[in-house]
Amino acid sequence: MAQIVIVDDEEDIRTTLRGILEDEGHEVREAASGEQGLEVLAEADPDLCFLDIWLPGMDGLEVLDRVHGALPHLPMIMISGHGNIETAVMAIKKGAFDFIEKPLSLEKVLVTTAKAVEFKELRQENMVLRSQIRDTRVQELTGETPRVQQLQQQVRQVAPTEAWVLITGENGTGKEIVARSLHQLSHRVNKLLVEVNCAAIPEELIESELFGHEKGAFTSADRAQVGKFELAHGGTLFLDEIGDMSLKTQAKILRILQEQRFERVGGRKTIQVDVRVIAATNKNLPEEIRAGRFREDLYYRLKVFPLYVPPLRARVADIPLLLADFMGGLIRTQGFKALRFPPETMTALQRYPWPGNVRELKNFLERMCIMYPGQTILPEMLPPEMLVTSHGAGNGRGPFDPDDDWPVDFKAARAQFEAKFLEDKLNSCNGSVTRLAETIGMERTYLYKKLRGLGLKTAD
């Protein structure tokens, strides 16, 4: 079904065309003049327009000029009862899709309509394919550690299905890469992956961004706009940082996810969509639910298939591979000279906790490329914060420093290390047992009992 606008001053022509097109299942709007046609086109966001050349006031060729400038991808079919070769050639040169003479032929109208709608769909698909060719962003997490391999396997399992996915993990871990990988391996790969950063859009505008709006819906809405849900029709909608969405918008999102239909802001027409939703957040949503900041029903609607992206500190063995990948990209895109990292430097990098995760690692490498082009990076060349951490903070000793006062008994030493390890990790997880269990790979119930036995306070 297509949305079609008819601009013609003859009511009989409009009625005839409307009947033909509505019988084919299309939605039709009409205008009796060029000026009125421009208004309808601005409001309707159509797939196709039939435009009469001879109109009172602004003629069809002038309307064509204006529409082609504002909506260059909209197919315009010119119609006229006074047609000649010169007029048809002029219309085509101005960007018209085709030219039909009056009296209208039923077969000609149907064939031309089908071709015009197909042409617009092919153009949209071509734009998607071109964007995919230009898109050099990473489509899969780099790594060979067990946790990354397990995540990659889970992505391969769920990607070809229609299941919705909730991706969790700290900032900078690569949640958006997982989302792109899911789309690339899905049956929707030839349609758009539409990304929405819920934290970056002001609350008062997020409904307009997601659902679109009609002309005049609010002060600055000087024309209709398609929303992200509508753009993602047939493809994938990636809602990043969904934990930052307001409760009001969460309620609307939940209804739309359940019904797969919505109205634009300021509009009354119901729009049906077919989208696969992937959501991501760095927040602990169960904690947000308990605090009254996130809807429990939305959480379980999104959490059909949960994926957790581990922090870099939990997969430090992947750092050499990540550095090699990033180095290759910087050489290709910015012409940097390759750096070398000897074993002692790599050891220091693997002992650093990387609070900014993989994103921080990439930024670090670019900084080193600028400061020491083509050189061997020695430990003393690392940023000060990495040197302090790699040699231990506070008393200048790390947890494996041979000068530490360890107990002579092995069991006591192991218990001391375990208690200190769990305390440090619990603090880095802000007291969350759930996040700690995910980070260190332990079963939550067992971990909770162990923490309680050590007298460590938790937030959940």
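The model is predicted: local features need pLDDT of at least 70, side-chain atom pairs count only at pLDDT 80 or more, and totals for chains, interfaces and linings use all residues. Residues are numbered from 1 along each chain as its sequence is written, and side-chain values use heavy atoms, with hydrogens and water left out.

**Overall make-up**

- The protein chain holds 19 helices and 14 strands. Helices (H or I, at least four residues) and strands (E, at least two) are DSSP runs, numbered from the N terminus.
- Of its 460 residues, 44% count as buried. Buried means under 20% relative accessible area, exposed over 50%, and partly exposed in between, with a 1.4 Å probe and protein chains only.
- Consider contacts between residues at least 6 apart in sequence: 69% of them join residues at least 24 apart. Contact means heavy atoms within 4.5 Å.
- The chain exposes about 23,600 Å², and carbon and sulfur atoms supply 52% of that area. Accessible areas come from the Shrake-Rupley method with a 1.4 Å probe; for residues, only the protein chains shown count as cover.

**The sheet with E1 to E5**

- Five strands make an open sheet in the order E2-E1-E3-E4-E5, and their pairing is parallel. Two strands pair if DSSP finds at least two bridges between them.
- E2 and strand E5 (98–101) stand at the edges; each has a single partner strand, so one side of each is left without a neighbour in the sheet.
- On average, neighbouring strands of this sheet are turned by 20° against each other, direction ignored. Axes are lines fitted to C-alpha atoms, for helices over the stretch in contact, and angles run from 0 to 180 degrees between N-to-C directions.
- Strand E1 (residues 3–7) pairs with strand E2 (residues 27–31) over five bridges, in the parallel sense. From E1 the chain crosses through helix H1 (residues 11–23) to E2, and this β-α-β crossover is right-handed. Right-handed means that, with the strands pointing away from the viewer, the path from the first strand over the helix to the second runs clockwise.
- Strand E3 (residues 48–52) runs parallel to strand E4 (residues 76–80), and four bridges join them. Phe50 stands opposite Ile77 in E4.
- Helix H3 (residues 60–70) lies across E3 and E4 and runs at about 175° to E4.

**The sheet with E6, E7, E10, E13 and E14**

- This open sheet has five strands in the order E7-E10-E13-E6-E14, with parallel pairing.
- Its edges are strand E7 (193–197) and strand E14 (305–308); each has a single partner strand, so one side of each is left without a neighbour in the sheet.
- Strand E10 (residues 236–240) and E13 pair in the parallel sense over four bridges. Phe238 has Ile278 in E13 as its bridge partner.
- Helix H6 (residues 146–158) lies across strand E6 (165–168), E13 and E14, running at about 155° to E14.

**Helix H10 and the residue after it**

- Helix H10 (residues 247–259) has 13 residues and should span 18 Å at 1.5 Å a residue; its end C-alpha atoms are 19 Å apart, which agrees. The expected span is 1.5 Å times one less than the number of residues.
- The buried residues of H10 include Thr249, Ile253 and Leu257. Their cover includes helix H8 (203–211), strand E11 (261–263) and helix H12 (296–302).
- Gln260 follows H10 and is found in the loop between H10 and E11. At 15% relative accessibility, Gln260 counts as buried.

**A buried loop residue**

- Ile377 lies in the loop between helix H15 (357–371) and helix H16 (384–390). Ile377 counts as buried because its relative accessibility is 0%.
- Pro342 is 35 residues from Ile377 in sequence, yet 7.2 Å away in space, C-alpha to C-alpha.
- Beyond neighbours within four places in sequence, the contacts of Ile377 include Leu339, Phe341, Met368 and Leu382.

**Backbone exceptions**

- Most residues other than glycine have a negative phi, and most peptide bonds are trans.
- Gln260 has a positive phi, near 60°, and is not a glycine.
- Asn357 also has a positive phi, of about 60°, although it is not a glycine. Asn357 sits in helix H15 and counts as buried at 0% relative accessibility.
- Lys102 and Pro103 are joined by a cis peptide bond, with omega about -5°. Pro103 is found in the loop between E5 and helix H5 (106–134).
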